[in-house]
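Morning, everyone. Please look at the model on the screen while I talk.

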Amino acid sequence: MSSKVIKVAVVGNPNTGKSTLINALAGTNLHVGNWAGVTIEKKEAFLKYKGYEIHLIDLPGVYSLGNNTAEEKITIEFLIRERPDVVIDVVDATNLERNLYLTIQLLELELPLVIALNMWDEAKAKGIEIDYKKLEELLCVKAVPVSAVKGEGVQELLEAVVEVYESRGKEREEKCVLHFEDYLEEEIKYLLEKIEKIQPVLLDLYPKRFLVISLIEGNTFFIDIPISDELNREILKVRERLEKMYHKDIVSLIVEERYSIIISITEQVVKKHKVKKADITYILDRLFLHKVFGLPVFFFLMWLLFEFTFELSSPYIDWMDSVISSFIAPLVAHWLYEAGASPWLRSFIVEGVIGGVGFVVVFVPVLFFLYLFMAFLEGSGYMSRAAFLMDRFMSVLGLSGKSFIPMIIGFGCNVPAVYATRTLEDRKEKILTVLMIPFMSCGARLTVYAFFVTIFFREHKTIVIMFLYLLGIAVAVVVAFVMHKLFFKTTSHHFILELPPYRLPTLRFILRNAWIRTKAFLYEAGTFIFATSVIIWFLLHIPIGVKKPENSVFGMISKTVAPVFEPLGFGNWQAAGSLLSGFVAKEVVLATMGNIYSGQVVREGDLEEIDLKEKLIEIGKGFIQANIEAGKRLITFFGILSDGEETLPVGENRSLVETVRNAFTPLTAFSFMVFLLLYTPCVATVFAIRQELNSWKWAGLSIVISFTTAWITTFVIYNIGKALL
Amino acid sequence: MRLSEVGRGKQCRVKELYLSPEMKRKLLELGLFPGQIVEVLQDAPFGGPVKIKVGDYCLALRKSEADNIEVEECNVQ
């Protein structure tokens, strides 16, 4: 017997634990991708249950099927076009009333529904008692109490899905249709008859009740064929009559009618008992949203986030770095040598390919840790509080508090920050936010500062780096302000944001989330960084047989570009060259400098004999040590920050330090850092901008804007510095 | 009375929304329909948004939006 495939769409409001439920249902079979044409996450999973093959599709979180947000479009189009066999409507049991609004609309769509009453345990703890049998009876659908976090009710949910699937095809009983007020129902019937006469094809394409109500509401974006003039006239007549009859606009009328159905249901189904338990969300918000302390607490948490990310990830970075540079690279070089590959090919593979991939891989621990903490902040519900606190400041720039969240993420890495702007509904707000993100100093840039600062500003390390971070923010604000005033002139945007209750995210949720995003970074950005570093390698080695990087094509290009940086204090071709390569990824700047200044193309010293077993043991030991080191850092962190000797990842590179010390003065080093902070986003970010805004124009403009801003700012700072010293 | 004038910790009943059609629809769908009981919980520093309780959940709105929501006092415990 071949198994039957059940196509199940999972729908629900944001913050209802939809993702957690999908994880609980699907386990590790989850595939994450994007919806075609938009970068909204699409999760899919296949699972087997009692001889059925269940195909789960996670639809974006929506509050209704009415508006025109990208999420709502995807949801409604999927439900209408694909006609899933069963829809799981994930409902937050602690907030039944608002969640049922979407349920009512799903019922209008006449889809076979199973309601998952999620957070059942939380609702019980809050003293909310839901008579779900009664709810089933009233709505004529299956309802299953579930706790996705604890994995409770998951089996029952699957059982209900199969049951609904097997009883499909049965006409919904008339008593199950949720009726509006009589007069409105008469008009619905009237319009339905008119459609049958005037344009019956509409009834073949769309569920009839949903179609009629949507036409009356004027919510017609999902209808692909033009509506005939005659029908349009009828619709207008119906609308006019209704507005006159009820003395309110049509949108209010329909929404209120839906809610009056909901209220009559919740009155019969929900009982609330007083509980003596303290409301944690209320108490935490008293602190986190406090008028005076809210902001300082927020900045403290941000500082903690970065401190944790960098402190905990750096042992792993060192470890990854050593695995690649002292194990994989020499090993491959050795194999190639044995196989009789030419020095040219060896150099290409070891420096171009492994070097390129290495830069991406070494960078992964920072991102992973950053994503861990971000996932915690998101899962806990704090992110929306940050948006709440910052909204007032962002509104000056024509933005809203929501656009602040991507900027925070930008401090970790600009790439996911750009993707995070997908939650911004307004296109102009989104563009403006995306243009600000490259000025947020990311982790990659920090590695370069760390190198320069230890050479030139040993005494004032922290102040210099802090200054750079703040400068980035200040420049972003100025640029956004100018853009806002000159080009967008938007009236202040609205800001409506749900503040969900604080919840402690499970470790599983955090790890899975962080891993999914790290993987996405490796795929999306990795390919680009890899490709570009291969190109740079070629440019450094053409014409073939070139001995000095200075005479390579790369050197020539750098020399041509160098005069642009002359007024900024670092007009030598080496600096220009490393900045050029920094376009690929900011941390590549250091590597390029190393390559250029050391002046040798192939390091023959790499070809020593390697004992594979010994090396592997060494790597294993290294990893354990990295764990111990990270653990130590975590402990010292809580043991009141004993500021020990900070090890910088570039400590052993003595010769490079010396050359750089001679090539720069503190002032030119400083202006070099300022320029590095502000100039063009890296390739991965540019690619992300193009993808997220779906426009090369804005991606290009972002480069132009940041480059000009960087040049002007650095010029001003360099000249002020020169005048002062 | 407007929602922005309601004191912290006070409850009121929504009467009418004077907002653009899209905004109005959005807020209605989120449960801010006439007759709904709303409680003002907190406000952000420097005239930032307000946190309100709508039914069983919390929502943040800008002052300018709260200014355009007409409410009446009510005395539900």
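**Where chain A meets chain B**

Let's start with charges: between chain A and chain B, the count is 6 salt bridges. Keep in mind that this is a predicted model.

Here is a salt bridge to find on your screen. B:Lys51 and A:Asp285 join through their side chains, with 2.6 Å from N to O.

Polar contacts next. The rule finds 17 residue pairs in polar contact across the interface of chain A and chain B, both residues at pLDDT 80 or more.

Now the size. An interface's size is often given as the accessible area lost when the parts come together. Chain A and chain B bury about 3,400 Å² between them. Of that area, 57% is on carbon and sulfur atoms. Which residues of chain A lose the most area to chain B? They are A:Lys291, A:Phe388 and A:Ile496, together 19% of what that side buries. As for residue counts, the contact takes 45 from chain A and 32 from chain B.

Last stop: a patch on the surface. A:Ile712, A:Phe715, A:Val716, A:Ile720, A:Leu724 and A:Leu725 form it, and the patch is nonpolar. Together they have about 640 Å² of accessible area.

Take A:Leu724. It lies in helix α29 of chain A, residues 696-724. Is A:Leu724 buried or exposed? A:Leu724 counts as exposed, because its relative accessibility is 70%, and the cut-off for exposed is over 50%.

Key
Residues are numbered from 1 along each chain as its sequence is written. Chains are lettered from A and ligands numbered from 1 in the order in which they are written. Side-chain values use heavy atoms; hydrogens and water are left out. Patches are made of residues with over 30% relative accessible area and no salt bridge: like charges are joined within 9 Å, nonpolar side chains (Val, Leu, Ile, Met, Phe, Trp, Tyr) within 5 Å. Accessible areas come from the Shrake-Rupley method with a 1.4 Å probe; for residues, only the protein chains shown count as cover. A salt bridge is a side-chain nitrogen of Lys or Arg within 4 Å of a carboxyl oxygen of Asp or Glu. Helices (H or I, at least four residues) and strands (E, at least two) are DSSP runs, numbered from the N terminus. Buried means under 20% relative accessible area, exposed over 50%, partly exposed in between (1.4 Å probe, protein chains only). Contact means heavy atoms within 4.5 Å. Buried area is the accessible area (1.4 Å probe) that two parts lose on being put together, summed over both. A polar contact is a pair of N or O atoms within 3.5 Å; within protein, one must be able to donate a hydrogen and the other to accept it, and residues adjacent in sequence count only if both atoms are side-chain atoms.
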